[in-house]
Amino acid sequence: MKTIAIVATGGTIAGVGKAGKTVAYHAGEININQIIESIPMLKDLANIKEYQVLNVDSNEMNPYRWIELSKTINELLSNNNIDGVVVTHGTDTLDETAYYLTLTINSHKPVVITGAMRPASATSTDGPFNLYEAVALAIHNEAYGQGVMGVFSSTIYSGRDIQKVNNFKVDAFDQKALGCLGYMQDQEVYFYSKTFKKHTYLSRFSKQDIKELPNVGIVYFYAGASSQILYDMAHYHQGIIITGSGSGNYSQEWLKAIEDLSQQGTIFVRCSRVTQGIIFNDEIFDPHHLCIPGNTLTPQKARVLLMLSLSQTHDIDEIRHIFNEY
C-alpha cells in the first residue's frame, strides 16, 4: 500500500458555520485530522500521513506562503517512503497556488490539490469526497509524471490550466477551452489527455532555492481607464500584467505609457479579461513588441510565471521564451 502525505492549508474544506448551512462560514477552522476521520474508507486506499502547515482562508495565501508550501512538499517528496502528496486548499486562489507548485515542485511523483465549495459543517459538504478522489489519484500509477493536478467533482485538471469559473456551484472548476485531463469514478482514474507545457521536475524553477519573489502587479483595462494606473503600479513593481480587453488590448494613452515605462525597465505581459482565447503578438496595440504575450494564461497565473521569471532574468527575450515554454 502506498503512502500519501496530505498537506493541509485550510480553506472551505476546513470551514465551519451554522450546522447544515452552506453560507456564512469561516474557512480554516478545523484541522486535517478531523477531515480525515470523516472519510473512513481512506485507510483502504493508502497509508496517510497528515501535515497541517497552514489553516487559513485562501485569500490569505501570498508568495511567502507559496515558497514555504513548495519547500515542504519538495522535502516530503524527496523521502523515499512518500509516494505522493495531496494538498487541501481554499478554492478562491487555488489556481494561483496550483500553478506556483506546477513550476517549483522538483519531482515526478504525483501532487494533487483539492478543496471544497461547501464547509465541513454543511449537510451536503463536498470536501470529503474530493479528498477521497484526490488520494485515489495520487496513488494511481498513471499519475506519475503528470505534474501538479487538481481534482474537483470527479474531474482531473492540470495545475497550469485549472481555473475557478463559478463562485456558487460545487462543480466550480474548468480548464476553459483546453478541456480536462480526465475523470474519476470513486477511486477509478481515467486519463484522456496531458499537458505539454514544462512543469515540475522539467521546470527551470524547480531546482532554484527561492527565498523571495519580485513584486509583480496586475492592472485591469476598462473604457476610459487612466494611464496613471500604470505609472503608479510601476513605482512598486518590477513587472506588470495587463488585463486588457479583447486580445489583450488597451487605449493609445496606455500604449504611450507602456512605451515610456518599458524604457525605464518595467516588464509588461499582455493578458485578457475575456475568459476564452489566446494572446499573440499584436502589431497594432504593441507595434514594438514591448509586451510579452500571456499565451493562454489567466492574468493571475501570468503574474506567477513573471515573478519566477524575474527571479532569474530581466532579459525580455528570455522571458518571452519562458512564456512560450510554460
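A salt bridge is a side-chain nitrogen of Lys or Arg within 4 Å of a carboxyl oxygen of Asp or Glu. The structure examined here is a predicted model, in which local features need pLDDT of at least 70 and side-chain atom pairs count only at pLDDT 80 or more, while totals for chains, interfaces and linings use all residues. Residues are numbered from 1 along each chain as its sequence is written, and side-chain values use heavy atoms, with hydrogens and water left out.

A search of the whole structure gives seven salt bridges. One of them joins Arg303 to Glu96, with 3.9 Å between the closest N and O atoms. Arg303 lies in helix H7 and Glu96 in helix H3 (residues 94-104), so the pair ties together parts that are 207 residues apart in sequence. Helices (H or I, at least four residues) and strands (E, at least two) are DSSP runs, numbered from the N terminus. Arg303 counts as buried, at 19% relative accessibility. Glu96 is also buried, with a relative accessible area of 16%. Here buried means under 20% relative accessible area, exposed means over 50%, and partly exposed lies in between (1.4 Å probe, protein chains only).

A salt bridge also links Lys71 and Asp209, whose closest N and O atoms are 3.9 Å apart. Lys71 belongs to helix H2 (residues 63-77), and Asp209 to the loop between strand E10 (188-191) and strand E11 (216-220), so the pair ties together parts 138 residues apart in sequence. Lys71 is partly exposed at 30% relative accessibility. Asp209 is exposed at 53%. A network of salt bridges links Lys71, Asp209 and Lys211.

Glu325 pairs with Lys198 in a further salt bridge, and 3.0 Å separates the closest N and O atoms. Glu325 sits in helix H8 (residues 316-325) and Lys198 in the loop between E10 and E11, so parts 127 residues apart in sequence are tied together. Glu325 is partly exposed, at 22% relative accessibility. Lys198 is partly exposed, with a relative accessible area of 34%.

Helix H4 (residues 127-138) has twelve residues. From first C-alpha to last, H4 reaches 16 Å, close to the 16 Å expected at 1.5 Å a residue. That expected span is 1.5 Å times one less than the number of residues. H4 is mostly covered, with ten of its twelve residues buried. Among the buried residues are Gly127, Asn130, Tyr132 and Glu133.

Pockets were located on a 1 Å grid over the protein atoms alone: a pocket is an open set of points where a 1.4 Å probe fits, with protein on both sides within 12 Å along at least five of seven lines, and lining residues have an atom within 4 Å of a point. Grid points are joined across faces, edges and corners, and a volume is the space filled by probe spheres set on the points. The largest pocket has a volume of about 330 Å³. Its lining holds 19 residues, and the closest to its centre are Thr12, Thr22, Tyr25, Met117 and Asn167. By class, this lining has seven nonpolar, seven polar and five charged residues. Ala, Val, Leu, Ile, Met, Phe, Trp, Tyr, Cys and Pro count as nonpolar, Asp, Glu, Lys and Arg as charged, and the others, Gly among them, as polar.

The second largest pocket holds about 260 Å³ of space. It is lined by 19 residues, with Ser272, Arg273, Val274, Thr275 and Pro299 nearest its centre. Strand E13 (267-272) and helix H7 (299-310) each supply at least two lining residues. This lining divides into six nonpolar, eleven polar and two charged residues.
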